[in-house]
Amino acid sequence: MFADAAKIVDGQIHMYVAEMAENCGLSTWLTNSMVAHVAADSPTKVFHRVDTAVEPWAHNPEIDIVPALPNSSESPLYLLLQMGNGTVTKPVVNCDGGSSAESTRWERQLTQNSSFTIDIHSSSSPNGPWTSNKVVLNGVGELGNWNPTAVVLPNGTARMMILCNKDDGIRILEAASWRGPYNVLTPEPAVRCSIERFKWCVEDGFIYQDTRGHWHSLFHMFDFPNATKLKWSGGHAFSRDGIIWSNVSQAYNTTVEVKGNGSAPGQVLFASRRERPKLLFNAAGEPTHLFNGVQLGEYRWYTMAQELRTTKHS
């Protein structure tokens, strides 16, 4: 399982992850990826598989909740955003013994100007059933789209951030409701690693607003000029209005300290890759845990949860 997005519902953590069908590895993501629903009593305890939320093909899931209106008998609406809509576009690969064939390596499958269907599944329950809604992106065209991330605002409008792979630029889009259509607000790349550079800079955005209404996004960094000795792969950008953004700064690196269990000391893990940042928020809207898809060793991928140290702002 790889990548994640989680919400607290009735005291339980519901998380939605990209899982490769047919016991395959991550290298088959372009054919075998689907969205699995897992749950746990705590973000740092073992998650157990509940069901398949979206069949192949679907990748890079993110969950959001639209609260019910005050004094309404309606239930909150759960929105599952991902690339793909659960329809197979290429034959699913069958892997023998859990290993993926070399011919399915993702580097050999990508094309320069790939675009993906972006879909938002909705449900009145975190357990489904889920109804598919294809998202229309106006103004994107040949730029292509990857890795959508979105926020539904209290007034019902929605903001979306995507990576346009033709020029590797981040774009911001807006819609009157989560259903779309979404219109581009930033024709030029909105996020850069430096004044001179936005190409091959970031991917896997996670956009959110803090309790003061300020905008933020976490990213997976490809690399960065003059990086410190410990490779850092977490980037952060911020914005007052969600349109004009700061350059990307360092958020975290690939080193993670694991807590001990009382009898065994903690250890330090050095991840080869640390991607797909997502945050878990408490009832006050404050982030409490960071989730990443991490690679430990060759082709060993995990979902990792890390508790955050937070600073209060006046």
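**Before you start**

The model is predicted, so local features are taken only where pLDDT is at least 70 and side-chain atom pairs only at pLDDT 80 or more, whereas totals for chains, interfaces and linings use all residues. Residues are numbered from 1 along each chain as its sequence is written, and side-chain values use heavy atoms, with hydrogens and water left out.

**Stop 1: the whole chain**

Show everything as a cartoon. The chain holds two helices and 21 strands; helices (H or I, at least four residues) and strands (E, at least two) are DSSP runs, numbered from the N terminus.

Of the 314 residues, 50% count as buried. Buried means under 20% relative accessible area, exposed over 50%, and partly exposed in between (1.4 Å probe, protein chains only). Among contacts (heavy atoms within 4.5 Å) between residues at least 6 apart in sequence, 51% join residues at least 24 apart.

**Stop 2: the disulfide**

Select C24 and C95. Their sulfur atoms are 1.9 Å apart and form a disulfide, a term for a pair of cysteine sulfur atoms within 2.5 Å. By this rule the count comes to one disulfide. Colour the chain by element to see what is being joined: C24 lies in the loop between β2 (12-20) and α1 (29-32), and C95 in the loop between β6 (77-83) and α2 (106-109), so the link ties together parts that are 71 residues apart in sequence. Check the torsion too: with 105° about the S-S bond, the link of C24 and C95 is right-handed. C24 is buried at 11% relative accessibility, and C95 is buried at 7%.

**Stop 3: aromatic rings**

Next, show the side chains of Phe, Tyr and Trp. The structure holds nine aromatic pairs. Rings (for Trp, the six-membered one) pair if their centres lie within 6.5 Å; planes under 30 degrees apart count as stacked, over 60 as edge-to-face and the rest as tilted.

Pick Y16 and W130. Their ring centres are 5.9 Å apart and their planes stand at 85°, so this pair is edge-to-face. It spans distant parts of the chain, with Y16 in strand β2 and W130 in the loop between β7 (118-123) and β8 (137-138), 114 residues apart. Both Y16 and W130 are buried.

Then move to F206 and Y208, whose ring centres are 5.9 Å apart with planes at 35°, so the pair is tilted. F206 and Y208 are both buried. Finally, select W29, W57, F116 and W146 together: these four form one aromatic cluster.

**Stop 4**

Select residues 158-164, strand β10, where seven of the seven residues are buried. For C164, the relative accessible area is 0%.

T149 has M161 of β10 as its bridge partner. β9 and β10 form a hairpin with five residues between them, and G156 in the turn has a positive phi of about 95°.

On to strand β11 (residues 169-175), which pairs with β10 in the antiparallel sense over seven bridges. Look for M160 opposite L173 in β11. This hairpin has four residues between β10 and β11, and D168 in its turn has a positive phi of about 60°.

**Stop 5: an open sheet**

Select β13 to β16. The four strands form an open antiparallel sheet in the order β13-β14-β15-β16. β13 (202-209) and β16 (249-252) stand at the edges with a single partner strand each, so one side of each is left without a neighbour in the sheet. From one strand to the next, the twist averages 35°. β15 (residues 234-239) pairs with β16 over three bridges, and H236 stands opposite S249 in β16.

**Last stop: H37**

Centre on H37 in strand β3 (residues 33-40). Is H37 buried or exposed? H37 is buried, with a relative accessible area of 1%. Beyond its neighbours within four places in sequence, H37 is in contact with several residues, including H14, Y16, H48, D51 and N127.

Key:
Pairing = 2+ DSSP bridges. Axes fitted to C-alpha atoms, helices over the stretch in contact; angles between N-to-C directions.
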